[in-house]
Amino acid sequence: MNAPLNDAKADISQVKLLINGEWVESKTQEWRDIVNPATQQVLARVPFATSDEVNSAISAAQQAFARWKRTPIGARMRIMLKYQALIREHMKRIAQTLSAEQGKTLADAEGDIFRGLEVVEHACSVGSLQMGEFAENVAGEVDTYTLRQPIGVCAGITPFNFPAMIPLWMFPMAIVCGNTFVLKPSEQDPLSTMQLVELALEAGIPPGVLNVVHGGKGVVDALCTHPDIKVVSFVGSTAVGTHVYDLAGQHGKRVQAMMGAKNHAVVLPDANKEQTLNALVGAAFGAAGQRCMATSVAVLVGKTREWLPELKAKAEQLKVNAGSESGTDVGPLISKRARERVLGLIESGVAEGATLLLDGRDVQVPGYEQGNFVGPTLFSGVTTEMRIYTEEIFGPVLVTMEVDTLDEAIALVNRNPFGNGTGLFTQSGAAARKFQSEIDVGQVGINIPIPVPVPFFSFTGSRGSKLGDLGPYGKQVVQFYTQTKTVTARWFDDDSVNDGVNTTITLR
Ligand code: NAD
């Protein structure tokens with residue numbers, strides 16, 4: 001077994017693979033430490049699975065598919081009903097593991113799990129979501145109908161920043177649709193993911209239906225090229241997502257890749273000032289800016305540029321500390337490497353001439369001197385050529401830009417290559433309507449800083465933030481995880497008139 005459910009710290013020194021319902025100790029020579037980002041304590045070691053192990057996981061999923069796809073839809077749904085209850089029951093314990101390995105605060109860790117739990121709840125409605133269509137009498141006594149059938153073995157590749165929510169975007173919906181699954185969690189923080197996988201087995205997911213392999217590029221590439229994998233769902237950076245999309249696509253798979261971002265919040269002078277500034281600060285610095293929907297650019301329209309001192313004052317008040325400490329607003333970054341990268345980007349902003357209004361580089365966190373902390377950092381005077389604008393920073397850094405009109409703001413956002421999320425802050429319905437219509441970004445918030453849709457809608461990034469047509473949850477994901485078959489049928493009574501042989505296309 002993996003870590004016992006009632007004690008997150010026991011027996012997790014070597015993370016196991018899950019193959020055909022068995023917890024397997026990897027035979028690999030390649031291991032990586034999972035490190036608490038606030039303390040540098042090594043929590044466990046994760047294997048980079050061998051190609052034989054990856055092949056075994058795919059083969060187990062392929063064999064289980066034959067049985068699982070015939071399991072009645074109600075039986076599949078009832079497993080999800082049990083699963084959602086188990087996640088709810090174990091949420092606090094998993095949140096502790098998640099906070100320890102990822103760094104986010106305990107409250108935010110619970111939010112991470114909760115947003116995934118909502119997808120599991122939605123999976124319980126698959127009976128109505130997976131229905132086909134029917135048209136009667138499309139020609140003389142002929143009916144046409146569609147079947148939404150499971151497609152086969154699906155693979156999921158997930159990032160470090162939401163180790164609960166994003167795996168839960170993937171395998172519950174794939175499995176409830178009748179598919180089997182091979183999950184490759186982030187190698188940086190797989191422990192909470194594995195606790196969720198254990199609960200899935202406890203809920204009744206049969207051996208081989210859900211498998212887990214760990215690793216990096218080698219394992220991902222093996223999943224993208226194996227002939228038995230039919231579908232690949234990826235969430236992570238744009239560079240890796242583009243590689244996965246291309247490689248898996250070349251090997252004939254259906255692929256969706258949800259990728260990096262540069263999310264602009266546009267602030268109009270008629271916006272509610274306090275609410276807007278609170279929203280900007282929360283969305284820019286929460287989770288240390290490591291959210292794909294974090295606000296990373298504030299576009300200040302007209303006289304809202306005068307709000308900068310108050311924005312700075314609110315950012316300064318945030319408490320930087322370990323996620324396990326009460327009252328923490330901003331936890332550490334995931335790794336020393338991530339911290340070095342963010343510090344380098346801040347340095348580049350200074351060198352390229354932006355004004356550093358608030359500098360989080362030297363933040364001190366007593367008791368956690370080794371932590372990967374960067375404090376809230378605020379730039380003004382940023383231009384579109386600077387690296388702090390062109391690159392996703394993925395840290396607690398907010399860049400601000402100034403324009404004179406809403407039209408200029410819309411043009412600025414639409415010129416940026418990413419299209420994940422954006423927001424408009426205003427009290428004007430007309431401005432909001434114009435913005436939602438003209439903006440070329442997948443997810444739009446009106447006075448909402450992080451407009452992640454609830455699971456009965458779909459996550460809908462666009463342009464450089466997404467490849468593939470269908471989103472990772474909501475109704476779209478049922479299309480993603482099923483194959484549509486169209487049946488055209490005619491039945492004969494004993495007394496049907498004999499049509500005779502017809503060698504032409506029938507005119508209806
Ligand atoms: P990442 O791209 O480094 O890693 C994602 C997954 O790909 C991991 O499982 C990793 O093991 C694997 N991987 C890493 N390098 C690889 C390579 N060279 N070849 C093949 N596979 C490789 O992303 P991350 O740092 O874990 O996560 C942060 C990124 O994810 C940010 O860019 C963020 O915006 C993005 N993200 C996007 C969404 C979304 O819905 N659009 C959601 C969350 C995170």
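Lys314 and Glu274 form a salt bridge, with their closest N and O atoms 3.0 Å apart; the term means a side-chain nitrogen of Lys or Arg within 4 Å of a carboxyl oxygen of Asp or Glu. This pair links distant parts of the chain, 40 residues apart: Lys314 sits in helix α11 (residues 308-316) and Glu274 in helix α10 (residues 273-285). Helices (H or I, at least four residues) and strands (E, at least two) are DSSP runs, numbered from the N terminus. Lys314 is buried at a relative accessible area of 19%, while Glu274, at 42%, is partly exposed. Buried means under 20% relative accessible area, exposed over 50%, and partly exposed in between (1.4 Å probe, protein chains only).

The model is predicted: local features need pLDDT of at least 70 and side-chain atom pairs count only at pLDDT 80 or more, while totals for chains, interfaces and linings use all residues. Residues are numbered from 1 along each chain as its sequence is written, and side-chain values use heavy atoms, leaving out hydrogens and water.

The structure holds 18 salt bridges. One of them joins Glu121 to Arg88, with the closest N and O atoms 2.3 Å apart. Glu121 belongs to helix α4 (residues 106-123) and Arg88 to helix α2, and the two are 33 residues apart. Glu121 is partly exposed at 29% relative accessibility, and Arg88 is partly exposed at 42%. Arg463 pairs with Asp440 at 3.4 Å between the closest N and O atoms. Because Arg463 lies in strand β20 (residues 462-463) and Asp440 in the loop between α15 (429-438) and β19 (443-446), the pair ties together parts that are 23 residues apart in sequence. Arg305, Glu402 and Asp404 are linked in a network of salt bridges.

Met91, in helix α3 (residues 91-102), is buried at 11% relative accessibility. Not counting residues up to four places away in sequence, Met91 touches Glu110, Ile113, Phe114 and Leu117, where contact means heavy atoms within 4.5 Å. Met91 and Ile113 are 22 residues apart in sequence, and their C-alpha atoms are 7.0 Å apart. Ser348, in helix α12 (residues 336-351), is buried with a relative accessible area of 10%. Leaving aside neighbours within four places in sequence, Ser348 contacts Arg387 and Ile388.

Exposed residues can be found too. Arg70 lies in the loop between α1 (51-68) and α2 (73-89) and is exposed at 61% relative accessibility. Asp493, in the segment after β22 (482-490), is exposed at 52%.
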